[in-house]
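Here is a short walk through a complex. Have the sequence and the 3D view open side by side.

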Amino acid sequence: MDKTSERLLEEFAPQLESPSKKWWLIFGAMLVLFALGIYGLIYQIVHGHDVTGMRDHVVWGVYIVNFIFFMGLSYAGAIISGALHLLKTDWRKPIIRMGELITVISLLIGPCFIIFCVGRFDRLHYLLIYPRIQSPITWDVIAIMTDIVGCLLYLYLSFVEDFAKLRDYAGLKVPAWKKKTYTFLAMNYRGTPEQVKLLKKSKNIVAAMVIAIAIIVYSVLAWIFGVTLQPGWHSTIFGPYFVIAAVYSGTGLLIVLMWLYRKIFKLEEYITKKHFVNVGVMLLILGAFYGYFTFSDYLTKWYGSVRMDKILIDHLFKQYFWEFVVANYIGVIVPMVILAFKRFRTVNLISIGAVITLISLWFNRYLIVVPTLETPFLPIQDDRLAWIKYSPTWVEISIFAAGIAVFVMLMMVAAKFIPIISISEMTEVDETEQVESVEIKPVQS
Amino acid sequence: MRVIKLILLSISVILFSFSLQAQNDVPEKKAPDLTFVVKKLVDGSFELKSRLSLFENRIDFPVSGAKVDYTIGSDSLLIIDGNTTDKNGYAIAFLKPGVKIPRNKDGVITANAVFAGSELYESASTEAIFTETKIVIRCEMVDTIKTTKIEAYKINSDGTESPLSGEAVIVSIQRMFSRLPIGEVTLDEEGKGSLEFPINLPGDSIGNLNVVAYIAEHEIYGNVESATIAQWGVPKQQLLVTHRALWTQIAPMWMIVSLTILLIGVWAHYIYVVIQLIIIKKAKKATVN
């Protein structure tokens, strides 16, 4: 093992060893949230979907909003980490693993919300037994399954070298089962020139694949809305709009995770202000695109003055005024202002901007799903307000909170299993780099 | 101290003057525009339709909730209960067939629409002057030719009818949203005229067509119409379920091909990478052995 790897392993090994009390405390709190979500889910299964806010009109509520949101984070993670890997940017090294983890963990959580939304669990397998290729739902099922396999493969490929390093590092004080797991997952990788070459080639292929798949799969998800003749959904720009919005939210989450891991593991030496500014610039560009797409979408709908679109836009500007402002004004302007002016580009302010991005993008999804369903073309016979107007119940909120708790828990567990900063990436010598020996030179803030 | 008193006095005077001005600010009444149309309908009744609106900045704003009264005649008045304008500014009243309508010695009818005014609007009135007419429409086969025959008469002051000669009557088919004109009949000295009916016009499920003959916005005769049903159309069944291309048993070929190419492309790469992983594993074994 090279000296640099040893130095890094020595530094990161304590992160992988026995969890601290604080770790258990946070994990316990998340577990409580998760348990509450499980209780809510059981309650929903026992009493039926009547315990949710969903009714005849609004058949998709917070569950679908969360599904889109988490899937967006996942695809964003894939696009960001894939692109950073292929572009070989030097500053990617300490943060690329976070992107990879976002990809897989969000992808495992997102589709669960679909299952919660389905009223008849017993018929769920019909999607696989009786698929109709014409149905966008079938496209989505196929696409998500393909994506899960691709992302897991990508994550594994990026972990192999680190597993091998952890297997070989004698100073790691972890239980025997953990060592055995590293040995098994390292797959007898010894870093021979042939292995290095093959692994690098495989990583490049899968990195390119996950970018393409992420764009296609999220477009498919957008087309579920886009091909539906509903006011607010039937739009040709929904595919690219969804992809841009997803990468925008994912970049926000990446910054938040950078801030958290930097604080928790004291990684200031590795994740510097430069990283925040660089990812922040990505956020700025994506924010501008997101704002442009949003404006373009609403402008054409408003100008067209199709009756139902007009009603929907009125609805958005009256009943959903604040949500609309948060999603489409604050969510664009505040992060852009923070990143546009040099004096505001501090680590904390950029992170605050990223949090705002995340919140606003969740509301953006909510405004895509709910108000449209509250504006149907044909009224039902008994159109009492409680049947038309949607608001999530404690059951939906508890399951939503459980989803976030699972995300946090999996990120915590992942950080206990594998260094959050990829050692293999840090020690990798890119083809473009002309250096004789690998020496870690943390970027100065 | 004196200066302070002076300032306070000045402020009091200004405030008092504002208060007086506010009391004098009585909103000025606006002058609305009232349009009025009388139309004799198919069943012989009269529709009296007026619209009250306000033009501001070149935009027409309908005035709703305003009461409009109608009167007919000048010597003896027929008063029709007023109607309140709807959200589009329209107030509509009907005069049933058979009601004796006051008219002058030349048979001319004068109808008035009156808006008495309100707190916000000035009063407005307008009149419609016309001679009552009657159109008779018949659809008959003349030597195997489908023909629409029109007769029109004007009603004299004593209630008698005399032929309406030299005038043009438009013949049309009533469609869902508007009328489809099929020709114009110019009346002869006896007030009669005919028109060859077009073939191949789509009708309802049994081929019925609603044929309407009318005179519109005539300076003497105003608006009058008459209608009849003719089974001369081509029967058309309404397609209740619109056929959508994707709702077929089998997906379109382009979709199957695209999806297959995509999936094979992606999964082939996956399999290739898995094979690479197996080679990586074996490569080590070879080195060790």
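Start with helix H2 of chain A, residues 21-47. Helices here are DSSP runs of H or I with at least four residues, strands are runs of E with at least two, and both are numbered from the N terminus. H2(A) has 27 residues and reaches 38 Å from its first C-alpha to its last. That is close to the 39 Å expected at 1.5 Å a residue, where the expected span is 1.5 Å times one less than the number of residues.

This is a predicted model: local features need pLDDT of at least 70, side-chain atom pairs count only at pLDDT 80 or more, and totals for chains, interfaces and linings use all residues. Residues are numbered from 1 along each chain as its sequence is written, while chains are lettered from A and ligands numbered from 1 in the order in which they are written.

Which residues of H2(A) are buried? They are Met30(A), Leu33(A), Phe34(A), Gly37(A), Gly40(A) and Gln44(A). Buried means that 20 or more other C-beta atoms, placed from the backbone, lie within 10 Å of a residue's own; exposed means 12 or fewer, and partly exposed lies in between. An α-helix has 3.6 residues a turn, so residues three or four places apart point the same way. The buried residues of H2(A) pack against helix H15 (394-417) of chain A. Just after H2(A), Gly48(A) takes a positive phi of about 85°.

Now widen the view. Chain A has 16 helices and zero strands. Of its 445 residues, 43% count as buried. The largest nonpolar core has 126 residues. Such a core is a set of buried Ala, Val, Leu, Ile, Met, Phe, Trp, Tyr and Cys residues joined through C-beta atoms within 7 Å. Helix H3 (residues 62-87) of chain A gives the largest share of this core, 16 residues. Tyr218(A) and Leu254(A) have the most contacts inside the core. Two residues are in contact if their C-beta atoms, placed from the backbone, lie within 7 Å. Beyond its neighbours within four places in sequence, Tyr218(A) touches residues including Met71(A), Tyr75(A) and Phe242(A).

Chain B is built from two helices and 16 strands. Buried residues make up 23% of its 289 residues. Follow strand E2 (residues 46-56) of chain B. Eight bridges join E2(B) to strand E1 (residues 33-40) of chain B, and the two run antiparallel. Strands pair if DSSP finds at least two bridges between them. Lys40(B) has Phe46(B) as its bridge partner. Five residues lie between the strands of this hairpin, where Gly44(B) takes a positive phi near 90°. E2(B) also pairs with strand E6 (residues 90-95) of chain B, antiparallel, over six bridges. Four bridges link E2(B) to strand E3 (residues 59-62) of chain B, again antiparallel. There, Leu54(B) stands opposite Phe61(B).

How do the chains meet? The contact takes 21 residues from chain A and 19 residues from chain B. On the side of chain A, H8(A) supplies the largest share, 10 residues. That side divides into 11 nonpolar, seven polar and three charged residues. Ala, Val, Leu, Ile, Met, Phe, Trp, Tyr, Cys and Pro count as nonpolar, Asp, Glu, Lys and Arg as charged, and the others, Gly among them, as polar.

Last comes confidence. The predictor gives the complex an ipTM of 0.84 and a pTM of 0.69. Chain A averages a pLDDT of 88, and chain B averages 85; pLDDT is the predictor's confidence in each residue, from 0 to 100.
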